[in-house]
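Let's take a walk through a protein model together. Have the structure open, and follow along as we go from its pocket to its core.

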Amino acid sequence: MHIRTGTDVNGNDGCDPPQSLGMNQFTSVRINVFEGGLIEIFYDNVNVCKQLMPGTPYSGPGVVKIYGSDPWHSASNAQIRNLIYAPIPMLGAQAITLSRNNLLRSEVAHKSYTVSFDIKPMGKP
């Protein structure tokens with residue numbers, strides 16, 4: 001996965017776990033971002049990426065847009081469920097298929113936050 005959060009130094013800051021997700025099975029993903037620039041990624045509660053970003057993560061008093069897939073790239077052939085921008089539930093247990101430009105909702109940005117979801121990659125369409 002290519003996980004981005006963006007900071008005041010680099011809008012493309014993030015962490016890219018070297019491990020691939022299992023095909024045709026759900027993996028629980030948790031992303032922790034801390035005010036000091038630390039980002040941690042977990043797959044099924046195992047830390048797979050940890051990095052101290054050089055800047056401060058973007059935060060309020062703005063709004064963060066939460067996409068199922070952004071408008072700038074093609075969507076992966078995958079499903080997501082149980083999406084939470086802590087502590088706000090976004091999606092329940094019913095999986096949705098990712099599609100380009102699928103804005104799920106907008107929320108107030110936080111200096112430190114957790115995003116978690118289950119994802120099921122399904123290979124080439």
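**Starting at the pocket**

The lining of the largest pocket divides into 28 nonpolar, 16 polar and 3 charged residues. Here Ala, Val, Leu, Ile, Met, Phe, Trp, Tyr, Cys and Pro count as nonpolar, Asp, Glu, Lys and Arg as charged, and the others, Gly among them, as polar. Before going further, keep in mind that this is a predicted model, where local features need pLDDT of at least 70, side-chain atom pairs count only at pLDDT 80 or more, and totals for chains, interfaces and linings use all residues. Residues are numbered from 1 along each chain as its sequence is written, and side-chain values use heavy atoms, with hydrogens and water left out.

So what is a pocket? On a 1 Å grid over the protein atoms alone, where a 1.4 Å probe is used, a pocket is an open set of points with protein on both sides within 12 Å along at least five of seven lines, and lining residues have an atom within 4 Å of a point. The largest one has a volume of about 1700 Å³, counted as the space filled by probe spheres set on the points, which are joined across faces, edges and corners. Of its 47 lining residues, H2, I3, R4, Y67 and D70 are the closest to the centre. Strand β6 (63-69) gives the most to this lining, with 7 residues. Strands are DSSP runs (E, at least two residues), numbered from the N terminus.

S69 sits in β6. Is S69 buried or exposed? It counts as buried because its relative accessibility is 11%, and buried means under 20% relative accessible area (1.4 Å probe, protein chains only).

Strands pair if DSSP finds at least two bridges between them. β3 and β4 form a hairpin with 4 residues between them, and G37 in the turn has a positive phi of about 105°.

Definitions and conventions
Buried < 20%, exposed > 50% of the residue type's maximum accessible area, 1.4 Å probe, protein only.
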